[in-house]
Amino acid sequence: MRHLFFPALLALLAAGTAHAAPQVYRIDPVHSSVVFNVDHNGFSRSFGRLRITDGSVNFDPDNWPASSVNATIDLASVDMGDSEWDKAVRGSNLLDADRERSARFTSDAVEKRSDDEGVLHGKLTLRGVTMPLDIPFRVNRVGKTIYGLHTIAGFSANIVLDRTKFGMTANTGSIGTQVSVWLEIEAIRGGESPASHDKETPHARAQ
C-alpha cells in the first residue's frame with residue numbers, strides 16, 4: 001500500500017506548488033500612452049507623447065518572475081503640440097525617426113517588490129543603440145471592463161532616461177538631457193474582443 005501512497009502524495013504536493021502559465025495580453029494602443037517631458041532652457045518642461053503600436057504582456061499574477069513584456073514604440077508618432085516642433089523632434093538630431101522608425105523594449109526579468117509594485121529588467125533599443133533599462137512599475141488592476149467585453153491588465157510606470165546615451169547629443173544648451181517618461185498601459189487578454197469593440201458611451205448597456 002505504501003508504494004502506492006507515497007508517489008500519489010508527491011504528485012499532489014507537486015500539483016499544489018505548480019503555477020499556471022502566464023496569461024498572454026496584447027497591449028492596446030488606444031488606451032496606452034508614452035508621455036515624456038524635458039527641460040526647455042530652464043523656462044518650463046515641454047511635454048510630448050508617443051504611440052505604442054505593438055506589444056504583449058505575459059502576466060501571471062501569482063508568479064511575477066514568470067512574466068515578460070515586449071513593446072514597440074512609433075517614434076514618428078511624436079506629438080509635441082506643434083507641427084514644426086514635431087518635425088524637429090523626429091529629425092536626425094533627436095529621435096531620427098526617418099532612419100529608425102521604432103524603439104523597442106524587451107524584458108529579461110520581472111521582479112516583484114510588493115503586492116502591486118515591481119521592476120521590469122530589460123533592454124531598450126532606440127536610434128540603433130541598445131541599453132539595459134530597469135523600469136519600476138505598478139499593477140493598477142486586472143479585471144473585466146465595466147461592460148464586461150474583455151479582461152484588462154492595467155499598469156503604470158515612470159523612468160528617467162539620459163538622451164545622450166542613445167546618441168541624442170544635439171541642443172544640450174537649450175534642451176535638457178534628462179527625459180522623464182511615464183507609461184500608462186492597458187493590455188487585453190488574448191482571444192478577447194479588441195478595444196475598438198468596447199463602446200464606452202453613456203448609452204452602452206453594461207453586460
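Predicted model: local features only at pLDDT ≥ 70, side-chain atom pairs only at ≥ 80, totals over all residues.

The largest pocket has a volume of about 830 Å³. It is lined by 45 residues, and those closest to its centre are V34, L50, I73, L161 and V181. Strand β3, covering residues 44–59, gives the most to this lining, with six residues. What sort of residues make up the lining by class? There are 36 nonpolar residues, along with seven polar and two charged ones.

The largest nonpolar core has 42 residues, and V181 is among the ones that touch the most other members, together with V57, F137 and F155. Leaving aside residues up to four places away in sequence, V181 touches V34, V35, F36, A157, N158, I159 and L161. Two of the names in that list, V34 and L161, also turned up among the residues closest to the pocket centre.

Now for the backbone. D96 sits in the loop between α2 (83–90) and β5 (102–112), and its phi is positive, about 55 degrees, although D96 is not a glycine. R127, in the loop between β6 (117–126) and β7 (129–144), is not a glycine either and has a positive phi of about 60 degrees.

On to the charges. Side chains of opposite charge can pair when their charged atoms come close. The whole structure has five salt bridges. One of them joins R101 to D74, with the closest N and O atoms 3.0 Å apart. This pair links distant parts of the chain, with R101 in the loop between α2 and β5 and D74 in strand β4, 27 residues apart. D74 is buried, at 9% relative accessible area.

Another salt bridge pairs D108 with K123, at 2.8 Å between the closest N and O atoms. It connects strand β5 to strand β6 across 15 residues. Here D108 is exposed, at 53%, whereas K123 is partly exposed, at 39%. R113 and E111 also meet in a salt bridge, 3.0 Å from N to O; R113 is exposed at 58%, while E111 is partly exposed at 29%.

Notes:
Residues numbered from 1 in each chain as written. Heavy atoms only, no water. 1 Å grid on protein atoms, 1.4 Å probe; cavity = no way out; pocket = protein on both sides within 12 Å on 5 of 7 lines; lining within 4 Å. Points joined across faces, edges and corners; volume = space filled by probe spheres on them. Helix = DSSP H or I, 4+ residues; strand = E, 2+ residues; numbered from the N terminus. Nonpolar A, V, L, I, M, F, W, Y, C, P; charged D, E, K, R; others polar. Core = buried A, V, L, I, M, F, W, Y, C linked by side-chain atoms within 4.5 Å. Buried < 20%, exposed > 50% of the residue type's maximum accessible area, 1.4 Å probe, protein only. Contact = heavy atoms within 4.5 Å. Salt bridge = Lys/Arg side-chain N within 4 Å of Asp/Glu carboxyl O.
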